[in-house]
Amino acid sequence: MGGPLEGLLIADFSRVLAGPYATMLLADMGASVVKVEGPAGDETRTWMPPVREDVSTYYLGVNRGKRSIALDLRSPEDAALGRELARRADVVIENFKPGGLAKYGLDHASVSAGNPRVIYASITGFGSGDGKHVPGYDLMVQAISGLMSLTGDPDGPPYRAGISVFDVMAGNHAVIGILAALRHRDQTGQGQLVEVNLLSSALTGLVNHSSAFVAGGVVPFRMGNAHPSVFPYEPLPTADNDLIIAAANDGQFRKLCEVLGLSEVPDDPRFARNADRTRNREELRPILLERLRTRGAVEWFDLLVAAGVPCGPINTIDGGFAMAERFGLDPVVVVGDVPTTRHPIRFSETPAVYELPPPELDEHGDELRAWLKEEQ
């Protein structure tokens, strides 16, 4: 059985991360994805190290499930093939600068004129209006959005997140928008333009911090690993390594104290409610640390989780995969001979499919060119 999107054709004119991540998720769900690359290929093919068999692991991480065709859109013949692909597609997705595809007849207006049912998804850095001239790179958006002002030690410099968090978020938002537009098309037969930009994804992704400003007029600043509204909700040292403890309500805090042998602490008026604990965190922290230092992080993890207290050791990525294995999540799937990270959604009736490894540049070019030249 194919995935839930079996039968859909995706024309993928995107590159780097946000778009390719979105189309990989769609491919995992059964859609047929044709990855259109320039003669030099997707930039991430050259982003190395690290590598697997001389191929960038960055590229491998977001391009499984696709067929690759290399088209030089400056060539009239190749541009015509690109337009024919878009004419046949259910979904076109691109992340060129706004207006960048118009000269090839591959902008939304041109494509939808010949394919009115098409869902045309456009991912930009700062929208198609007054910010259309600004290049869209995740690091720029982390800076401009305010995320970096929230990341790092209070007395130190701002830091970027360890991943391109807003590229990934925008890719997810593109998938959500595409699926919603497909639902609308099923009901009306009408395609539409779906626009996603990194800055808007960032501002909604800042969630409680955005709300602090928009609804409360408060500009938050970095607090290291502390939470502005909850305590304990941060890493705390144990006998060996730090342990994240996220006792986010009164019941969880009471359970934490019971496991630590501090059953009287939740009845102390300084610590009875979350607001009290947050206000008096500097008084509460040493009380917790004295007990936490008597055991190691993994031992506390097992004891606290068994009692219903959210917590976790701070792992390196290999430890994260090992934990997922421990929980039976099977985090790695091998596609061809390439290990990749499993699709994050599980479907009871239409499971994800992993049919194609990340393609070599123009690997399927000959067959796709022949298909696009066939009369339809």
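Student: What covers the buried residues of helix 11?

Tutor: This is a predicted model, in which local features need pLDDT of at least 70 and side-chain atom pairs count only at pLDDT 80 or more, while totals for chains, interfaces and linings use all residues. Residues are numbered from 1 along each chain as its sequence is written, and side-chain values use heavy atoms, with hydrogens and water left out. Buried means under 20% relative accessible area (1.4 Å probe, protein chains only), and contact means heavy atoms within 4.5 Å. The cover of these residues includes strand 9 (233-237), strand 10 (242-246), helix 9 (250-260), helix 10 (274-279) and helix 12 (297-306).

Student: Why do the buried residues of helix 11 line one face of the helix?

Tutor: The buried residues of helix 11 are Arg 281, Leu 284, Arg 285, Leu 288, Leu 289 and Leu 292. Looking down the axis of helix 11, they line one face because they fall within an arc (taken from the directions from the helix axis to the C-beta atoms) of 135°.

Student: Which strands and helices do the buried residues of helix 3 pack against?

Tutor: Among the buried residues of helix 3 are Asp 78, Leu 81, Glu 84 and Arg 88. The buried residues of this helix pack against strand 1 (9-13), strand 2 (32-37), strand 5 (66-70), strand 6 (91-94), helix 4 (108-114) and helix 14 (365-373).

Student: Does Val 214 count as buried or exposed?

Tutor: Val 214 lies in helix 8 (residues 207-214). Exposed means over 50% relative accessible area, and at 67% relative accessibility Val 214 therefore counts as exposed.

Terms used. Helix = DSSP H or I, 4+ residues; strand = E, 2+ residues; numbered from the N terminus.
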